[in-house]
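Here is a short report on one protein model. Look over the structure first, then read on.

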Amino acid sequence: MLEAGAQPSRRSSLLWTLVPVILAVPLSLWLILVAAWAADGIATSGRAPRGTAVAGQATGGLTPRRLREVVDEVATSFERRRVLVVAGGTSREVRLEDLGVEVDRDATSRNVMSARAEGHPLAAPVLTAVDRLTGSHEQRNVPMAVTIDGDHALAAIGRIAASASRPPTEPRITRTSSGFAVKPGSPGTGYSAEGGVRRLRSLLAAPTTDHPSRLPRLRVELDPVEVPPKTDESALRRLADRLRSWTDRPLLVRVADHQATAAPEVTRTWWRIRHDPNRPEAVFAADVARGWLEDAFAAVRVEPVDATMTVTPFGIVVGESRTGRACCEDGWEEELRRALQEGVDEVTLRARVLRPRLDSERARTLGVKEPIASFTTSYTPGQPRVTNIHRIAELVRGVVILPGEKFSLNDHVGPRTAADGFVDAPVIYRGRFRSDVGGGVSQFATTLFNAAFFGGLDFGEYQSHSIYISRYPYGREATVSYPHPDLEIVNSTPYGVLIWTETTPSTVTVTLWSTKYWEVEQSGQRREPSGR
(Lines give C-alpha, C1' and ligand atoms only; values in the text may rest on other atoms or scores of the structure.)
Protein backbone atom coordinates (compact mmCIF):
# COMPACT_ATOMS: atom_id res chain seq x y z
CA MET A 1 0.00 0.00 0.00
CA LEU A 2 1.36 3.37 -0.98
CA GLU A 3 1.58 6.06 1.44
CA ALA A 4 0.56 9.60 0.66
CA GLY A 5 3.04 11.29 -1.55
CA ALA A 6 4.77 8.07 -2.39
CA GLN A 7 5.56 7.15 -6.07
CA PRO A 8 4.08 3.89 -7.67
CA SER A 9 6.46 1.13 -8.27
CA ARG A 10 7.78 0.44 -11.72
CA ARG A 11 6.24 -3.06 -11.84
CA SER A 12 2.65 -1.87 -11.25
CA SER A 13 3.02 0.79 -13.84
CA LEU A 14 4.09 -1.81 -16.46
CA LEU A 15 1.10 -4.04 -15.70
CA TRP A 16 -1.37 -1.28 -16.32
CA THR A 17 0.44 -0.46 -19.49
CA LEU A 18 0.02 -4.07 -20.83
CA VAL A 19 -3.71 -4.46 -20.04
CA PRO A 20 -4.89 -2.65 -23.17
CA VAL A 21 -2.47 -4.67 -25.25
CA ILE A 22 -3.67 -7.95 -23.72
CA LEU A 23 -7.31 -7.05 -24.36
CA ALA A 24 -6.61 -5.87 -27.89
CA VAL A 25 -5.12 -9.22 -29.08
CA PRO A 26 -8.26 -11.42 -28.85
CA LEU A 27 -10.41 -8.59 -30.09
CA SER A 28 -8.13 -8.17 -33.07
CA LEU A 29 -8.19 -11.93 -33.65
CA TRP A 30 -11.97 -11.99 -33.46
CA LEU A 31 -12.13 -9.05 -35.86
CA ILE A 32 -9.85 -10.96 -38.22
CA LEU A 33 -12.14 -14.00 -37.97
CA VAL A 34 -15.20 -11.83 -38.58
CA ALA A 35 -13.51 -10.40 -41.62
CA ALA A 36 -12.63 -13.90 -42.81
CA TRP A 37 -16.20 -15.06 -42.11
CA ALA A 38 -17.55 -12.08 -44.04
CA ALA A 39 -15.16 -12.75 -46.89
CA ASP A 40 -16.18 -16.40 -46.87
CA GLY A 41 -19.83 -15.39 -46.92
CA ILE A 42 -19.17 -13.20 -49.94
CA ALA A 43 -17.19 -15.97 -51.61
CA THR A 44 -19.95 -18.60 -51.03
CA SER A 45 -22.89 -16.32 -51.78
CA GLY A 46 -25.56 -18.21 -53.78
CA ARG A 47 -24.13 -21.60 -52.82
CA ALA A 48 -25.18 -24.19 -50.26
CA PRO A 49 -24.06 -23.25 -46.76
CA ARG A 50 -20.86 -24.86 -45.54
CA GLY A 51 -21.17 -27.94 -43.38
CA THR A 52 -24.56 -29.04 -44.80
CA ALA A 53 -25.38 -32.54 -46.05
CA VAL A 54 -28.39 -34.55 -47.35
CA ALA A 55 -28.58 -38.22 -46.32
CA GLY A 56 -24.87 -38.11 -45.47
CA GLN A 57 -23.91 -36.57 -48.82
CA ALA A 58 -21.97 -33.31 -48.41
CA THR A 59 -23.65 -30.31 -50.02
CA GLY A 60 -21.69 -27.38 -48.50
CA GLY A 61 -20.52 -24.87 -51.10
CA LEU A 62 -22.40 -26.53 -53.97
CA THR A 63 -24.03 -24.43 -56.64
CA PRO A 64 -27.83 -24.77 -56.89
CA ARG A 65 -27.48 -26.85 -60.05
CA ARG A 66 -24.97 -29.23 -58.52
CA LEU A 67 -27.02 -29.34 -55.29
CA ARG A 68 -30.07 -30.40 -57.29
CA GLU A 69 -28.08 -33.22 -58.90
CA VAL A 70 -27.06 -34.52 -55.48
CA VAL A 71 -30.62 -34.23 -54.16
CA ASP A 72 -31.98 -36.02 -57.25
CA GLU A 73 -29.55 -38.91 -56.85
CA VAL A 74 -30.20 -39.33 -53.13
CA ALA A 75 -33.97 -38.97 -53.58
CA THR A 76 -34.11 -41.58 -56.35
CA SER A 77 -32.10 -44.00 -54.24
CA PHE A 78 -34.34 -43.28 -51.26
CA GLU A 79 -37.56 -43.88 -53.24
CA ARG A 80 -36.18 -47.20 -54.47
CA ARG A 81 -35.45 -48.33 -50.96
CA ARG A 82 -36.99 -51.73 -50.23
CA VAL A 83 -39.75 -52.29 -47.68
CA LEU A 84 -40.72 -55.75 -46.44
CA VAL A 85 -44.46 -55.80 -45.74
CA VAL A 86 -45.34 -58.74 -43.49
CA ALA A 87 -48.90 -60.03 -42.97
CA GLY A 88 -49.02 -63.25 -40.99
CA GLY A 89 -47.15 -65.90 -42.94
CA THR A 90 -47.11 -63.77 -46.08
CA SER A 91 -44.46 -61.22 -46.88
CA ARG A 92 -43.85 -59.11 -49.92
CA GLU A 93 -40.99 -56.77 -50.75
CA VAL A 94 -41.91 -53.48 -52.42
CA ARG A 95 -40.20 -50.19 -53.12
CA LEU A 96 -41.08 -47.02 -51.28
CA GLU A 97 -42.10 -45.41 -54.58
CA ASP A 98 -44.63 -48.23 -55.08
CA LEU A 99 -46.15 -47.27 -51.74
CA GLY A 100 -46.71 -43.68 -52.82
CA VAL A 101 -43.56 -42.34 -51.09
CA GLU A 102 -41.86 -39.45 -52.85
CA VAL A 103 -39.10 -36.98 -52.05
CA ASP A 104 -39.97 -33.36 -52.82
CA ARG A 105 -36.72 -32.42 -54.54
CA ASP A 106 -37.49 -28.69 -54.77
CA ALA A 107 -38.39 -28.44 -51.09
CA THR A 108 -35.30 -30.42 -50.05
CA SER A 109 -33.03 -28.15 -52.09
CA ARG A 110 -34.63 -25.07 -50.53
CA ASN A 111 -34.11 -26.53 -47.05
CA VAL A 112 -30.39 -26.92 -47.73
CA MET A 113 -29.99 -23.44 -49.15
CA SER A 114 -31.74 -21.87 -46.15
CA ALA A 115 -29.82 -23.89 -43.52
CA ARG A 116 -28.10 -21.87 -40.77
CA ALA A 117 -25.06 -22.64 -38.58
CA GLU A 118 -25.88 -24.24 -35.28
CA GLY A 119 -24.97 -22.52 -31.94
CA HIS A 120 -24.69 -18.85 -30.96
CA PRO A 121 -24.44 -16.42 -33.89
CA LEU A 122 -21.18 -14.98 -32.46
CA ALA A 123 -19.60 -18.39 -32.82
CA ALA A 124 -20.26 -18.53 -36.57
CA PRO A 125 -16.98 -16.77 -37.56
CA VAL A 126 -14.93 -19.12 -35.33
CA LEU A 127 -16.68 -22.26 -36.67
CA THR A 128 -16.30 -21.07 -40.25
CA ALA A 129 -12.59 -20.34 -39.72
CA VAL A 130 -11.96 -23.72 -38.13
CA ASP A 131 -13.87 -25.40 -40.94
CA ARG A 132 -11.84 -23.47 -43.52
CA LEU A 133 -8.51 -24.21 -41.90
CA THR A 134 -9.04 -27.82 -40.83
CA GLY A 135 -12.23 -29.06 -42.50
CA SER A 136 -13.04 -30.70 -39.18
CA HIS A 137 -16.36 -29.02 -38.43
CA GLU A 138 -19.15 -31.64 -38.24
CA GLN A 139 -21.66 -31.65 -41.15
CA ARG A 140 -25.27 -30.73 -40.44
CA ASN A 141 -27.66 -33.27 -42.06
CA VAL A 142 -30.62 -31.43 -43.63
CA PRO A 143 -33.75 -33.63 -43.58
CA MET A 144 -35.28 -34.59 -46.92
CA ALA A 145 -38.83 -33.38 -47.55
CA VAL A 146 -40.61 -36.73 -47.82
CA THR A 147 -44.30 -36.98 -48.80
CA ILE A 148 -46.61 -40.00 -48.68
CA ASP A 149 -49.70 -40.39 -50.85
CA GLY A 150 -51.94 -41.92 -48.19
CA ASP A 151 -54.48 -43.35 -50.64
CA HIS A 152 -51.76 -44.90 -52.78
CA ALA A 153 -50.04 -46.43 -49.76
CA LEU A 154 -53.33 -47.72 -48.36
CA ALA A 155 -54.24 -49.34 -51.68
CA ALA A 156 -50.82 -50.98 -52.13
CA ILE A 157 -50.61 -52.29 -48.57
CA GLY A 158 -54.28 -53.25 -48.77
CA ARG A 159 -53.56 -55.55 -51.73
CA ILE A 160 -50.88 -57.31 -49.73
CA ALA A 161 -53.20 -57.55 -46.73
CA ALA A 162 -55.97 -58.99 -48.90
CA SER A 163 -53.70 -61.66 -50.39
CA ALA A 164 -52.78 -62.84 -46.89
CA SER A 165 -56.25 -62.64 -45.45
CA ARG A 166 -58.42 -65.66 -44.76
CA PRO A 167 -62.07 -64.86 -45.43
CA PRO A 168 -64.69 -65.80 -42.89
CA THR A 169 -66.77 -68.93 -43.37
CA GLU A 170 -70.32 -67.76 -43.91
CA PRO A 171 -73.13 -69.74 -42.28
CA ARG A 172 -75.11 -71.78 -44.81
CA ILE A 173 -78.37 -73.65 -45.08
CA THR A 174 -77.88 -77.29 -46.05
CA ARG A 175 -80.33 -79.98 -47.05
CA THR A 176 -80.48 -82.99 -44.77
CA SER A 177 -82.36 -86.27 -44.87
CA SER A 178 -84.98 -84.80 -42.57
CA GLY A 179 -85.19 -81.21 -43.78
CA PHE A 180 -82.94 -78.16 -43.68
CA ALA A 181 -80.25 -77.18 -41.19
CA VAL A 182 -77.99 -74.18 -40.66
CA LYS A 183 -74.27 -74.81 -40.68
CA PRO A 184 -72.65 -72.13 -38.46
CA GLY A 185 -70.03 -69.82 -39.83
CA SER A 186 -66.66 -68.85 -38.37
CA PRO A 187 -64.60 -65.64 -38.42
CA GLY A 188 -61.72 -65.11 -40.78
CA THR A 189 -58.47 -63.22 -40.39
CA GLY A 190 -57.63 -59.94 -42.01
CA TYR A 191 -54.78 -57.48 -41.67
CA SER A 192 -54.92 -53.77 -40.98
CA ALA A 193 -53.69 -51.80 -43.95
CA GLU A 194 -54.38 -48.55 -42.07
CA GLY A 195 -52.05 -49.66 -39.26
CA GLY A 196 -49.41 -50.50 -41.86
CA VAL A 197 -49.61 -46.99 -43.31
CA ARG A 198 -49.20 -45.49 -39.83
CA ARG A 199 -46.11 -47.62 -39.19
CA LEU A 200 -44.67 -46.63 -42.54
CA ARG A 201 -45.11 -42.95 -41.68
CA SER A 202 -43.42 -43.51 -38.32
CA LEU A 203 -40.44 -45.22 -39.96
CA LEU A 204 -40.04 -42.44 -42.50
CA ALA A 205 -40.18 -39.75 -39.80
CA ALA A 206 -36.70 -40.79 -38.59
CA PRO A 207 -33.93 -38.69 -40.21
CA THR A 208 -31.87 -40.30 -42.95
CA THR A 209 -28.21 -39.75 -42.00
CA ASP A 210 -26.58 -42.12 -44.48
CA HIS A 211 -26.92 -42.82 -48.17
CA PRO A 212 -30.15 -44.83 -48.72
CA SER A 213 -28.29 -47.57 -50.57
CA ARG A 214 -26.38 -48.34 -47.35
CA LEU A 215 -29.39 -48.36 -45.06
CA PRO A 216 -31.04 -51.62 -43.93
CA ARG A 217 -34.34 -52.74 -45.46
CA LEU A 218 -37.41 -51.34 -43.78
CA ARG A 219 -39.97 -53.73 -42.25
CA VAL A 220 -43.66 -53.00 -41.86
CA GLU A 221 -45.66 -55.66 -40.03
CA LEU A 222 -49.45 -55.61 -40.32
CA ASP A 223 -51.60 -56.35 -37.30
CA PRO A 224 -54.10 -59.22 -37.62
CA VAL A 225 -57.79 -58.39 -37.18
CA GLU A 226 -60.74 -60.73 -36.86
CA VAL A 227 -63.20 -60.61 -39.77
CA PRO A 228 -66.68 -61.74 -38.72
CA PRO A 229 -69.10 -63.44 -41.15
CA LYS A 230 -71.31 -61.00 -43.05
CA THR A 231 -74.43 -63.15 -42.95
CA ASP A 232 -76.87 -62.82 -40.08
CA GLU A 233 -77.11 -66.41 -38.83
CA SER A 234 -80.46 -65.75 -37.15
CA ALA A 235 -81.91 -64.72 -40.54
CA LEU A 236 -80.74 -68.02 -41.99
CA ARG A 237 -82.37 -69.95 -39.17
CA ARG A 238 -85.69 -68.22 -39.82
CA LEU A 239 -85.38 -69.07 -43.53
CA ALA A 240 -84.56 -72.71 -42.74
CA ASP A 241 -87.68 -72.89 -40.56
CA ARG A 242 -89.80 -71.64 -43.46
CA LEU A 243 -88.27 -74.18 -45.84
CA ARG A 244 -89.01 -76.99 -43.41
CA SER A 245 -92.65 -75.91 -43.20
CA TRP A 246 -92.90 -75.79 -47.02
CA THR A 247 -91.57 -79.30 -47.54
CA ASP A 248 -92.76 -81.30 -44.55
CA ARG A 249 -95.58 -83.17 -46.36
CA PRO A 250 -96.06 -84.97 -49.72
CA LEU A 251 -97.62 -83.05 -52.61
CA LEU A 252 -100.06 -84.74 -54.99
CA VAL A 253 -99.75 -83.38 -58.55
CA ARG A 254 -102.38 -83.95 -61.27
CA VAL A 255 -101.88 -83.34 -65.00
CA ALA A 256 -104.65 -84.23 -67.46
CA ASP A 257 -105.72 -87.77 -66.54
CA HIS A 258 -102.50 -88.65 -64.70
CA GLN A 259 -101.26 -88.01 -61.17
CA ALA A 260 -98.02 -88.44 -59.20
CA THR A 261 -96.90 -87.72 -55.63
CA ALA A 262 -93.81 -85.67 -54.85
CA ALA A 263 -92.44 -86.82 -51.49
CA PRO A 264 -90.80 -84.32 -49.09
CA GLU A 265 -87.33 -85.52 -50.06
CA VAL A 266 -88.26 -84.59 -53.64
CA THR A 267 -89.79 -81.18 -52.96
CA ARG A 268 -86.76 -80.19 -50.86
CA THR A 269 -84.67 -80.42 -54.04
CA TRP A 270 -86.96 -77.85 -55.67
CA TRP A 271 -85.40 -75.05 -53.60
CA ARG A 272 -82.04 -73.38 -53.96
CA ILE A 273 -80.62 -71.07 -51.30
CA ARG A 274 -79.23 -67.76 -52.50
CA HIS A 275 -76.69 -67.03 -49.78
CA ASP A 276 -76.58 -63.27 -50.18
CA PRO A 277 -75.04 -61.94 -46.93
CA ASN A 278 -77.41 -58.96 -47.01
CA ARG A 279 -80.55 -60.83 -48.02
CA PRO A 280 -80.48 -64.64 -48.05
CA GLU A 281 -83.49 -66.15 -49.78
CA ALA A 282 -84.93 -69.41 -51.09
CA VAL A 283 -85.44 -69.56 -54.87
CA PHE A 284 -87.70 -72.10 -56.56
CA ALA A 285 -85.50 -74.38 -58.70
CA ALA A 286 -87.77 -74.67 -61.74
CA ASP A 287 -85.26 -76.74 -63.74
CA VAL A 288 -85.16 -79.42 -61.03
CA ALA A 289 -88.94 -79.47 -60.69
CA ARG A 290 -89.32 -79.63 -64.49
CA GLY A 291 -87.12 -82.73 -64.61
CA TRP A 292 -89.31 -84.46 -62.05
CA LEU A 293 -92.49 -83.50 -63.93
CA GLU A 294 -91.15 -84.76 -67.26
CA ASP A 295 -90.29 -88.13 -65.71
CA ALA A 296 -93.45 -88.42 -63.62
CA PHE A 297 -95.76 -87.41 -66.46
CA ALA A 298 -93.97 -88.85 -69.48
CA ALA A 299 -97.19 -90.72 -70.37
CA VAL A 300 -99.00 -87.41 -70.74
CA ARG A 301 -96.94 -86.48 -73.79
CA VAL A 302 -98.56 -87.00 -77.19
CA GLU A 303 -96.57 -85.79 -80.19
CA PRO A 304 -98.35 -83.49 -82.66
CA VAL A 305 -98.93 -84.72 -86.20
CA ASP A 306 -98.12 -82.46 -89.15
CA ALA A 307 -100.42 -82.16 -92.10
CA THR A 308 -99.28 -84.38 -94.95
CA MET A 309 -99.28 -83.72 -98.67
CA THR A 310 -99.61 -86.62 -101.06
CA VAL A 311 -99.41 -86.58 -104.86
CA THR A 312 -102.31 -88.50 -106.39
CA PRO A 313 -103.74 -88.80 -109.91
CA PHE A 314 -106.33 -86.28 -108.76
CA GLY A 315 -103.80 -83.72 -107.48
CA ILE A 316 -102.46 -82.90 -104.02
CA VAL A 317 -104.34 -84.43 -101.12
CA VAL A 318 -103.79 -82.78 -97.71
CA GLY A 319 -103.86 -85.11 -94.68
CA GLU A 320 -105.27 -83.78 -91.44
CA SER A 321 -102.91 -82.52 -88.72
CA ARG A 322 -103.37 -83.13 -85.00
CA THR A 323 -102.25 -81.22 -81.95
CA GLY A 324 -100.30 -82.95 -79.18
CA ARG A 325 -99.85 -82.32 -75.49
CA ALA A 326 -97.14 -82.40 -72.85
CA CYS A 327 -96.57 -81.35 -69.27
CA CYS A 328 -97.06 -78.53 -68.54
CA GLU A 329 -98.64 -75.23 -69.56
CA ASP A 330 -96.81 -71.98 -68.79
CA GLY A 331 -97.30 -70.87 -65.20
CA TRP A 332 -96.74 -74.31 -63.67
CA GLU A 333 -93.71 -73.01 -61.74
CA GLU A 334 -95.84 -70.45 -59.91
CA GLU A 335 -98.54 -73.06 -59.27
CA LEU A 336 -96.09 -75.48 -57.65
CA ARG A 337 -94.30 -72.79 -55.66
CA ARG A 338 -97.54 -71.38 -54.27
CA ALA A 339 -98.82 -74.87 -53.40
CA LEU A 340 -95.68 -75.58 -51.36
CA GLN A 341 -95.64 -72.20 -49.60
CA GLU A 342 -99.34 -72.33 -48.76
CA GLY A 343 -99.07 -75.88 -47.42
CA VAL A 344 -101.77 -77.44 -49.64
CA ASP A 345 -101.77 -81.21 -50.20
CA GLU A 346 -102.48 -81.30 -53.93
CA VAL A 347 -102.28 -79.18 -57.06
CA THR A 348 -103.61 -79.55 -60.61
CA LEU A 349 -101.48 -78.40 -63.53
CA ARG A 350 -102.72 -77.89 -67.07
CA ALA A 351 -101.21 -79.83 -69.97
CA ARG A 352 -99.41 -77.81 -72.65
CA VAL A 353 -100.75 -77.96 -76.19
CA LEU A 354 -98.14 -78.94 -78.80
CA ARG A 355 -98.85 -77.36 -82.16
CA PRO A 356 -97.83 -79.13 -85.38
CA ARG A 357 -95.20 -77.46 -87.50
CA LEU A 358 -97.68 -77.47 -90.39
CA ASP A 359 -101.40 -77.65 -89.72
CA SER A 360 -103.97 -78.64 -92.34
CA GLU A 361 -105.43 -75.18 -92.66
CA ARG A 362 -102.13 -73.59 -93.53
CA ALA A 363 -101.13 -76.47 -95.79
CA ARG A 364 -104.09 -75.71 -98.01
CA THR A 365 -102.95 -72.07 -98.40
CA LEU A 366 -99.32 -72.73 -99.41
CA GLY A 367 -99.97 -72.85 -103.15
CA VAL A 368 -98.71 -76.40 -103.61
CA LYS A 369 -100.66 -77.26 -106.79
CA GLU A 370 -98.37 -78.05 -109.73
CA PRO A 371 -94.96 -79.51 -110.60
CA ILE A 372 -92.38 -76.74 -110.94
CA ALA A 373 -89.31 -78.92 -111.63
CA SER A 374 -88.37 -82.58 -111.96
CA PHE A 375 -85.14 -84.49 -112.45
CA THR A 376 -84.30 -88.17 -112.96
CA THR A 377 -81.03 -90.12 -112.71
CA SER A 378 -80.40 -93.78 -113.61
CA TYR A 379 -78.47 -96.68 -112.08
CA THR A 380 -77.88 -100.39 -112.63
CA PRO A 381 -80.61 -102.42 -110.95
CA GLY A 382 -79.85 -104.88 -108.19
CA GLN A 383 -76.73 -103.21 -106.74
CA PRO A 384 -76.46 -102.60 -102.95
CA ARG A 385 -76.36 -98.84 -103.58
CA VAL A 386 -79.86 -99.03 -105.09
CA THR A 387 -81.21 -100.09 -101.70
CA ASN A 388 -79.74 -96.91 -100.16
CA ILE A 389 -81.10 -94.68 -102.94
CA HIS A 390 -84.57 -96.10 -102.48
CA ARG A 391 -84.37 -95.78 -98.70
CA ILE A 392 -83.35 -92.12 -98.65
CA ALA A 393 -85.95 -91.32 -101.32
CA GLU A 394 -88.58 -92.92 -99.08
CA LEU A 395 -87.46 -90.83 -96.06
CA VAL A 396 -87.56 -87.55 -98.00
CA ARG A 397 -90.86 -88.19 -99.87
CA GLY A 398 -93.53 -85.76 -98.68
CA VAL A 399 -91.22 -83.13 -97.09
CA VAL A 400 -92.71 -79.63 -97.31
CA ILE A 401 -90.30 -76.67 -97.31
CA LEU A 402 -92.16 -73.61 -96.02
CA PRO A 403 -91.56 -70.13 -97.53
CA GLY A 404 -88.21 -68.78 -96.34
CA GLU A 405 -87.32 -72.11 -94.71
CA LYS A 406 -84.09 -74.08 -95.22
CA PHE A 407 -84.18 -77.85 -95.67
CA SER A 408 -81.12 -79.85 -94.55
CA LEU A 409 -80.87 -83.35 -96.00
CA ASN A 410 -78.59 -84.51 -93.18
CA ASP A 411 -80.79 -83.05 -90.44
CA HIS A 412 -83.89 -84.71 -91.89
CA VAL A 413 -82.44 -88.17 -92.63
CA GLY A 414 -79.84 -88.38 -89.88
CA PRO A 415 -76.86 -90.76 -89.87
CA ARG A 416 -77.12 -93.60 -92.37
CA THR A 417 -77.16 -96.79 -90.30
CA ALA A 418 -78.08 -100.44 -90.82
CA ALA A 419 -80.78 -100.09 -88.14
CA ASP A 420 -82.42 -97.40 -90.29
CA GLY A 421 -82.46 -99.57 -93.41
CA PHE A 422 -79.19 -98.61 -95.10
CA VAL A 423 -76.62 -101.16 -96.37
CA ASP A 424 -72.91 -101.24 -97.12
CA ALA A 425 -72.06 -99.99 -100.63
CA PRO A 426 -69.25 -98.18 -102.51
CA VAL A 427 -68.59 -94.51 -101.71
CA ILE A 428 -66.08 -91.88 -102.82
CA TYR A 429 -64.02 -90.52 -99.93
CA ARG A 430 -61.36 -87.86 -100.56
CA GLY A 431 -60.91 -88.89 -104.15
CA ARG A 432 -60.77 -92.64 -103.48
CA PHE A 433 -63.30 -95.42 -103.70
CA ARG A 434 -64.17 -97.36 -100.56
CA SER A 435 -67.16 -99.02 -98.94
CA ASP A 436 -69.48 -97.67 -96.23
CA VAL A 437 -73.05 -97.96 -94.96
CA GLY A 438 -75.23 -95.65 -97.04
CA GLY A 439 -73.07 -95.64 -100.15
CA GLY A 440 -75.01 -94.31 -103.12
CA VAL A 441 -77.07 -91.67 -101.32
CA SER A 442 -75.08 -88.97 -103.11
CA GLN A 443 -76.87 -89.94 -106.33
CA PHE A 444 -80.14 -89.03 -104.64
CA ALA A 445 -78.52 -85.76 -103.45
CA THR A 446 -77.53 -84.94 -107.03
CA THR A 447 -81.05 -85.71 -108.27
CA LEU A 448 -82.54 -83.45 -105.57
CA PHE A 449 -79.94 -80.74 -106.31
CA ASN A 450 -80.92 -80.60 -110.00
CA ALA A 451 -84.64 -80.50 -109.25
CA ALA A 452 -84.06 -77.59 -106.85
CA PHE A 453 -81.80 -75.89 -109.40
CA PHE A 454 -84.47 -75.89 -112.11
CA GLY A 455 -87.14 -75.00 -109.55
CA GLY A 456 -85.31 -71.72 -108.91
CA LEU A 457 -84.56 -72.48 -105.26
CA ASP A 458 -81.42 -71.29 -103.49
CA PHE A 459 -78.75 -73.36 -101.76
CA GLY A 460 -77.06 -73.21 -98.40
CA GLU A 461 -74.30 -75.75 -97.89
CA TYR A 462 -73.44 -78.09 -100.77
CA GLN A 463 -70.35 -79.69 -102.27
CA SER A 464 -69.49 -81.46 -105.49
CA HIS A 465 -67.93 -84.94 -105.64
CA SER A 466 -64.13 -85.06 -105.38
CA ILE A 467 -64.14 -87.15 -108.60
CA TYR A 468 -66.32 -86.22 -111.57
CA ILE A 469 -68.82 -88.97 -112.47
CA SER A 470 -70.01 -88.91 -116.07
CA ARG A 471 -73.58 -89.97 -115.29
CA TYR A 472 -74.17 -86.58 -113.63
CA PRO A 473 -74.52 -83.25 -115.47
CA TYR A 474 -71.15 -81.53 -115.43
CA GLY A 475 -71.08 -78.96 -112.60
CA ARG A 476 -74.63 -79.73 -111.42
CA GLU A 477 -74.14 -82.38 -108.78
CA ALA A 478 -73.74 -82.73 -105.02
CA THR A 479 -72.34 -85.23 -102.57
CA VAL A 480 -73.35 -85.82 -98.96
CA SER A 481 -71.87 -87.49 -95.91
CA TYR A 482 -72.88 -87.25 -92.29
CA PRO A 483 -72.57 -84.72 -90.73
CA HIS A 484 -70.76 -82.90 -93.55
CA PRO A 485 -70.86 -82.18 -96.40
CA ASP A 486 -74.59 -81.49 -96.33
CA LEU A 487 -77.09 -80.44 -98.97
CA GLU A 488 -79.18 -77.46 -97.89
CA ILE A 489 -82.02 -76.11 -100.01
CA VAL A 490 -83.53 -72.69 -99.31
CA ASN A 491 -87.09 -71.91 -100.36
CA SER A 492 -86.83 -68.30 -101.49
CA THR A 493 -90.36 -68.23 -102.94
CA PRO A 494 -93.62 -67.13 -101.25
CA TYR A 495 -95.09 -70.63 -101.71
CA GLY A 496 -94.60 -73.96 -100.04
CA VAL A 497 -92.49 -76.56 -101.87
CA LEU A 498 -93.38 -80.29 -101.70
CA ILE A 499 -90.57 -82.78 -102.39
CA TRP A 500 -92.04 -85.85 -104.05
CA THR A 501 -89.86 -88.84 -104.91
CA GLU A 502 -90.47 -91.87 -107.14
CA THR A 503 -88.23 -94.87 -107.77
CA THR A 504 -88.05 -97.74 -110.22
CA PRO A 505 -85.52 -100.59 -110.35
CA SER A 506 -83.29 -98.37 -112.50
CA THR A 507 -84.26 -94.72 -111.83
CA VAL A 508 -84.92 -92.19 -109.10
CA THR A 509 -86.99 -89.08 -109.78
CA VAL A 510 -87.42 -85.96 -107.63
CA THR A 511 -90.33 -83.69 -108.48
CA LEU A 512 -90.97 -80.36 -106.74
CA TRP A 513 -94.60 -79.26 -106.41
CA SER A 514 -95.48 -75.62 -105.73
CA THR A 515 -96.67 -72.60 -107.72
CA LYS A 516 -94.45 -71.63 -110.64
CA TYR A 517 -92.42 -68.59 -109.55
CA TRP A 518 -89.16 -68.72 -111.56
CA GLU A 519 -88.29 -69.61 -115.14
CA VAL A 520 -84.89 -71.32 -114.98
CA GLU A 521 -82.44 -72.44 -117.64
CA GLN A 522 -78.71 -73.09 -117.61
CA SER A 523 -77.10 -70.34 -119.65
CA GLY A 524 -73.45 -71.32 -119.46
CA GLN A 525 -70.64 -72.80 -117.39
CA ARG A 526 -67.12 -71.91 -116.38
CA ARG A 527 -64.48 -73.96 -114.67
CA GLU A 528 -63.57 -72.64 -111.21
CA PRO A 529 -63.89 -73.76 -107.55
CA SER A 530 -67.46 -73.32 -106.30
CA GLY A 531 -69.85 -74.49 -103.60
CA ARG A 532 -69.15 -74.69 -99.87
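## A roughly perpendicular helix pair

The model here is a predicted one.

Take helix α9, residues 286-296, and helix α10, residues 332-342. They pack at an angle of about 100°, and their axes are 11 Å apart. α9 and α10 are therefore roughly perpendicular to each other. Which residues make the contact? On the α9 side they are Ala286, Ala289, Arg290 and Leu293. On the α10 side they are Trp332, Glu333 and Leu336. Sorted by class, the contact of α9 with α10 has five nonpolar and two charged residues, with no polar ones.

Two packed helices are described by the angle between their axes and the distance between the axes. The next pair can be read in that way.

Helix α2 spans residues 64-79, and helix α3 spans residues 105-113. Their axes come within 10 Å and cross at roughly 125°. That makes α2 oblique to α3. The crossing of α2 and α3 is right-handed.

Now for the residues that meet. α2 brings Pro64, Leu67, Arg68, Val71, Asp72, Ala75, Thr76 and Glu79. α3 brings Arg105, Asp106, Thr108, Ser109, Val112 and Met113.

## Helices α12 and α14

Is their crossing left-handed or right-handed? The crossing of α12 and α14 is right-handed.

The α12 side of the contact is made by Arg385, Asn388, Ile389, Ile392, Ala393 and Val396. The α14 side is made by Val441, Gln443 and Phe444. By class, the contact of α12 with α14 has six nonpolar residues, two polar ones and one charged one.

## Aromatic rings

How many aromatic pairs does the structure hold? There are eleven. Ring pairs also build a cluster. Its members are Trp246, Trp270, Trp271, Phe284, Trp292 and Phe297.

## The disulfide

The structure holds one disulfide. The bond joins Cys327 to Cys328, with an S to S distance of 1.7 Å. Why is the disulfide called left-handed? The torsion about the S-S bond of Cys327 and Cys328 is about -55°, so the disulfide is left-handed.

## Backbone details

Some backbone features sit in loops. Start with the loop between β27, residues 458-459, and β28, residues 488-490, where Pro483 is found. The peptide bond from Tyr482 to Pro483 is cis, and its omega is near 0°. Pro485 is found in the loop between β27 and β28 too. A cis peptide bond joins His484 and Pro485, with omega about 5°.

Where does Ala55 lie? Ala55 is in the loop between β1, residues 52-54, and β2, residues 57-58. The phi of Ala55 is near 50°. That is a positive value in a residue other than glycine.

How values were computed:
Residues are numbered from 1 along each chain as its sequence is written. This is a predicted model: local features need pLDDT of at least 70, side-chain atom pairs count only at pLDDT 80 or more; totals for chains, interfaces and linings use all residues. Side-chain values use heavy atoms; hydrogens and water are left out. Rings of Phe, Tyr and Trp (its six-membered ring) pair if their centres lie within 6.5 Å; planes under 30 degrees apart count as stacked, over 60 as edge-to-face and the rest as tilted. Axes are lines fitted to C-alpha atoms, for helices over the stretch in contact, and angles run from 0 to 180 degrees between N-to-C directions. Helices (H or I, at least four residues) and strands (E, at least two) are DSSP runs, numbered from the N terminus. Angles under 35 degrees count as roughly parallel, over 145 as roughly antiparallel, 65 to 115 as roughly perpendicular and the rest as oblique. A crossing is left-handed if the near helix is turned anticlockwise from the far one by less than a right angle, and right-handed if clockwise. Contact means heavy atoms within 4.5 Å. A disulfide is a pair of cysteine sulfur atoms within 2.5 Å. Ala, Val, Leu, Ile, Met, Phe, Trp, Tyr, Cys and Pro count as nonpolar, Asp, Glu, Lys and Arg as charged, and the others, Gly among them, as polar.
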